[in-house]
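Biologist: I am new to this structure. Could you take me through the terms one by one?

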Amino acid sequence: MSQEPGPADARRSEDVDTSHAVPDPDPANTPEQEIAIEQAFVDRVYDRVDVLRADAVGDRDAGYRHLAATVPGAQYERDVFVYRAARRIADLDSQHEGLVFGRLDFDDRRVRHIGRLGVRDEEYRTLLVDWRAPAAAPFYRATAVDRQEVARRRVIRSFGRGVEEISDDLLNEDAAERLPVIGDGALMAALGRKRTGRMRDIVATIQAEQDAAIRAPGRGATIITGGPGTGKTVVALHRAAYLLYQDRNRYEAAGILVVGPSAVFMKYIGRVLPSLGEETAALYSLGELFAGVEATRQDRPAVAAVKGGTVMLPILRRLIRQTPPDAPAELRIVYRGDVFKLDAADLAAARARVFEKEPHPNLAKTEAGRALLVALWRKVKPVLPDAEPAKYSRDVGSRGEFLTFLDHWWPDLDPAEVLGWAGDPRRLASASEGHLKREAVDGVAASLREADFSIPDVALLDELRILLGVKRQPRGRDRIRSWDGIQEVSTAQDRFYDRPERQARDAFYEDYAHVIVDEAQDLSPMQWRMLSRRGRAAGWTIVGDEAQSSWPRPKESADARRRAVPSGRIHEFHLTKNYRNSKEVFEYAADWAQPRLRTIDLPEAVRETGVPVEVVTADPDALLPEVAGAVAAALEAVEGTVGVIAPYDRHGELAAVVHDDRVTLVGPLESKGLEWDAVIAVDLDAVAAAHGPGVAYVVLTRATQRLKRIDLG
Ligand SMILES: Nc1ncnc2c1ncn2[C@@H]1O[C@H](COP(=O)(O)OP(=O)(O)OP(=O)(O)O)[C@@H](O)[C@H]1O
């Protein structure tokens, strides 16, 4: 729900009054006096929200009282009614923290407050404008050069219901005589705040170039590029919230999918959309897009490079045609007193004939039975010339022994099982003849013998799912629709509101209205294919930075992306300011990366800390004490989180440094997209050698305040 009119209402009436008059302040007011003025307004909004919540609870309860409705259609109406009330309650509940965060004072002395929700007063006049409404745009877009009639922009920071801090930005110098200007820079304050390990929303401080990307049209493809820390991830998430607000029916009914590189990353960003009141987007990491698998393991770079490439397509196509390992090698049938046999060669020929008719084995069972009967018939006919084909087929085809044979010879295949076959180097070598060298076969086969699947395996499993054939499912009753298509409201309501971190749609759902891909520079061609299946009719938001890529063949990936994303309108946005790293950290990272990377998109870091990057060389045998010392010093120096980023083969020996909630130890690939207040980068040269300079550049750009590099001597 939103009390604020959505864009449709705004279009209908451009002059929906979104501002209100307030008495002129005294320009000499102290910060405390101004805080008190805002507090009075904030209290008024909360009072109103309390009333609205009570109304919504009343509506929901009234809906439940009609539970016994038996008149056709009445149950549906009740469901819709209850659903809408439940939504309204959830919205109001989710937005309690910092509900009012912005205020615009216009040249004509009108005032507009901006918040996480739209709220109207008893007379349906706007009290608070939703940050996503067109009327809120000047809060993000107005600049001294293009003021959009804004005289002063104010950011209000609260804790619970209490206003704590105000920070103003005077856009019209002439208004200084009538408007007090307080505080120094909400953005800098937000950027300097300690990190907690969960990304926060930035509604109060979205910058103009970010706002433009957030509000781009939902259809077609929106491509957002920018160097490290420019807010690509946070912008993409706010964009999801914007799209949901802007066309709730469409985006809730068909869904928005947000895909990121790793489970750690999804956890890191997982609270942003709920904090914006949006619970319905599906968040999946690349390792989770195959139902039942939650892959978090990375393959060795050389193996990942093979598994992600389109070379896997012909290999998988051959693999599914191989005879299953436990399939019987001979069929014997007694017909009219004679024994008839199909040997291995006959069975192989029959198998090949099935594939000529139906390339998807899991859809070919009937065809397989027919092929066996035909092959047997060729043996029967010469021996029993008077046999009748129809009678023979009916008789043999309905026998238990024949059907049991068929089940074993042509079992329903599971993608995980088929991928497992490729763990046998002989099978893989046969499927990949002419495509892979011996060394690659051995590497891939060995990786497929591991106990669990790796992240690149998930795209292969998904490809196999399609190659094996997907049986048509009756459209599930529990597929989630918007309220106007909802079927079982109590179920939907539970799903939306009762689980803290939920998935609205399963991993195979294919009809998303919008797909947001973060860290897109790293997607392999096979991963692009997996995503394209989930958004055939979708709009796309693609976010990335080529320089941070770990995929070795960017052209192959770009081609795959072009094929995955429907051609059509493309909106491109480029973000230019680094909000994460201090200038000191970013300049160090850029100096290191520039000579090593072909293309690099260098943003401008907006914040200085005066703390230079530290570089030390440690004895390889004394790495643990060196890192432990660095962690202890970092915990002292920063209030927030500390990240140790080290090559995977060092994790065992370094595990002991994680003795505090604020400390995490991750591999270079998992550090993508994340940030810590202090970062300790272990053996950067090894990271660059194993994963390429792009990944080492990622490692160097994770710190908000302090970076220490520990090399091995
Ligand atoms: N307008 C803003 N106001 C406050 N904080 C911001 C703003 N824009 C970005 N940030 C913060 O800057 C940090 C970096 O943002 P984000 O992770 O989205 O960048 P990114 O471009 O995806 O980075 P990378 O490509 O290096 O992973 C985050 O802490 C984010 O909250």
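Modeller: Take helix H24 (residues 583-593) to begin with: Glu 584, Val 585, Phe 586, Tyr 588, Ala 589, Ala 590 and Ala 593 are buried there. This is a predicted model, in which local features need pLDDT of at least 70, side-chain atom pairs count only at pLDDT 80 or more, and totals for chains, interfaces and linings use all residues. Residues are numbered from 1 along each chain as its sequence is written.

Biologist: What makes Phe 586 in H24 buried rather than exposed?

Modeller: A residue is buried if 20 or more other C-beta atoms lie within 10 Å of its own, exposed if 12 or fewer, and partly exposed in between, with C-beta atoms placed from the backbone. Phe 586 is listed as buried, so it meets the cut-off of 20 or more.

Biologist: What do the buried residues of H24 pack against?

Modeller: They pack against S16, strand S17 (604-607), helix H28 (693-700) and S22. Contact here means that the C-beta atoms of two residues, placed from the backbone, lie within 7 Å. Helices (H or I, at least four residues) and strands (E, at least two) are DSSP runs, numbered from the N terminus.

Biologist: Why are S18 and strand S22 (residues 703-712) called a pair?

Modeller: Two strands pair if DSSP finds at least two bridges between them. S18 and S22 have five bridges, in the parallel sense, so they qualify as a pair. Within this pairing, Val 616 stands opposite Ile 710 in S22.

Biologist: Which sheet holds S18 and S22?

Modeller: An open sheet of five strands, in the order S18-S22-S21-S19-S20, with parallel pairing. Strand S18 (614-618) and strand S20 (663-666) are its edge strands, each pairing on one side only.

Biologist: Why is the ligand said to lie between two domains?

Modeller: Domain 2 (208-289 + 475-575) and domain 5 (578-712) both give residues to the shell around the ligand, so it lies between them. The domain bounds come from an automatic or database domain assignment.
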